[in-house]
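Here's a quick briefing to read with the model open beside you. Have a look first, then work through the notes by topic.

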Amino acid sequence: MDLAASAHSLPRACHSTCSGIDVSFEFFPPQTEEMEEILWTSINRLGPLSPSFVSVTYGAGGKTRERTHATVARILNETNIKPAAHLTCVGASRVEVDAVARAYWEIGVRHIVALRGDPQNGPGTSFVPHPEGYANSTALVAGLKKLGDFDITVSAYPEGHPESPSVDRDIDVLKAKIDAGATRAITQFFFENEVYLRFLEKARASGITIPILPGIVPVQNFKQTANFARRAGASIPQWLADRFEGLDDDPTTRRLIAATIAAEQVFDLVDQGIDHFHFYTMNRADLVFATCHLLGVRPKRQEAYHEQPSS
Ligand code: FAD
């Protein structure tokens, strides 16, 4: 069974010493100075792990347009990490979306995570494209490719997108996005590896060969994750809820449990031949750093950062 495009198995005994695992990290643009500080503390901690890229999300309806741009620009200017800018087409004309993409191209950003975005009235309502906008993510990918030779990542939904009638339909949509120019997909987060592995197998069986990176969310806060999962159409298994039960007032134990769960999940995927993990960091580094450490991904400080002039 060829599960991952470029996968190879690492025996578990190797985890602490073997390289060969790639990671990437997702951040969101900060709203306040305090959040900006938290974000940059996290980037400074995770950057030396030499992620193959870090991506910065685009707020629903494009409301973080400037903040996303500023964060991506700062990553580009102050680190050696390759940034990827998320971009959606909700509530904007093609001309407006193209202008955002062109501004990225002009500062040297070559990687876009291209998404349709949630309907303007929120997940669960129907999506109405802007009258002069891109109709869906496939049209967005095609439009971006016309503007420049961007490296384009798209989403994938192992449990099916909430608006989609079936996982098969989502695989057709993924194929259309690839035909339009996407070269990589990142999945919605999941907790049952079987769900992801089944999706991967279906995708491969239908001729999809691009990397489909598992989106891993370390559970920083169970209630928040469960709420987010409900809106995103990701399921929360009962065993996960059970593990956090009774720990509302015990943050230390919660963190230990969260670290254990993330480690179990990625080790199991490594055993299945998966060698690139995309972490939804929620702008917090510790759990992700610990999971990467367990995977044998260690800091390479000089490579990750621009050299500072010596005094
Ligand atoms: P799509 O692949 O476009 O699918 C959405 C729905 O449209 C599906 O039901 C699909 O079946 C249908 N569809 C797609 N193409 C067609 C077509 N040609 N004809 C008919 N139906 C079609 N949201 C943000 O606002 N900002 C972000 O930064 C962001 N980052 C994300 C990153 C990842 C890795 C993921 C998984 C999601 C992210 N989202 C983000 C959420 C995403 O925008 C929503 O889930 C949105 O509802 C779907 O957009 P999409 O591009 O992921 O889905």
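Arg184 is buried in this predicted model, with a relative accessible area of 16%.

**Around Arg184**
- Asp151 sits in strand 5 and Arg184 in strand 6, so their pairing ties together parts that are 33 residues apart in sequence.
- Asp151 comes out as partly exposed, at 27% relative accessibility.
- Arg184 also makes a polar contact, side chain to side chain, with Thr153 at 2.7 Å.

**Thr153**
- Thr153 belongs to strand 5, which covers residues 151-156.
- Buried or exposed? Thr153 is buried, and its relative accessible area is 0%.
- Setting aside neighbours within four places in sequence, the residues in contact with Thr153 are His111, Ile112, Val113, Ala114, Arg184, Ala185 and Ile186.

- The strands form an open sheet of 9, ordered 7-6-5-4-3-2-1-9-8, and the pairing is parallel.
- Strand 7 (212-213) and strand 8 (215-216) are the edges; each has a single partner strand, so one side of each has no neighbour in the sheet.
- Strand 6 (residues 182-187) pairs with strand 7 in the parallel sense over 2 bridges.
- Ala185 stands opposite Ile212 of strand 7.
- Helix 2 (residues 65-78) lies across strand 2 (53-56) and strand 3 (83-88), and runs at about 165° to strand 3.

**Other salt bridges**
- How many salt bridges does the structure hold? There are 11.
- Glu264 and Arg243 form one through their side chains, at 3.0 Å from N to O.
- That pair links distant parts of the chain, with Glu264 in helix 9 (residues 251-271) and Arg243 in helix 8 (residues 238-244), 21 residues apart.
- Both are partly exposed: Glu264 at 41% relative accessibility and Arg243 at 33%.
- Salt bridges with shared partners also join Glu36, Arg74 and Glu78 into one network.
- Glu78 and Arg74 are 4 residues apart in helix 2, so about one helical turn separates them.
- Glu78 is partly exposed at 40% relative accessibility, and Arg74 is partly exposed at 27%.

Key. Residues numbered from 1 in each chain as written. Predicted model: local features only at pLDDT ≥ 70, side-chain atom pairs only at ≥ 80, totals over all residues. Heavy atoms only, no water. Pairing = 2+ DSSP bridges. Contact = heavy atoms within 4.5 Å. Axes fitted to C-alpha atoms, helices over the stretch in contact; angles between N-to-C directions. Buried < 20%, exposed > 50% of the residue type's maximum accessible area, 1.4 Å probe, protein only. Polar contact = N/O pair within 3.5 Å; in protein donor to acceptor, adjacent residues only side chain to side chain. Salt bridge = Lys/Arg side-chain N within 4 Å of Asp/Glu carboxyl O.
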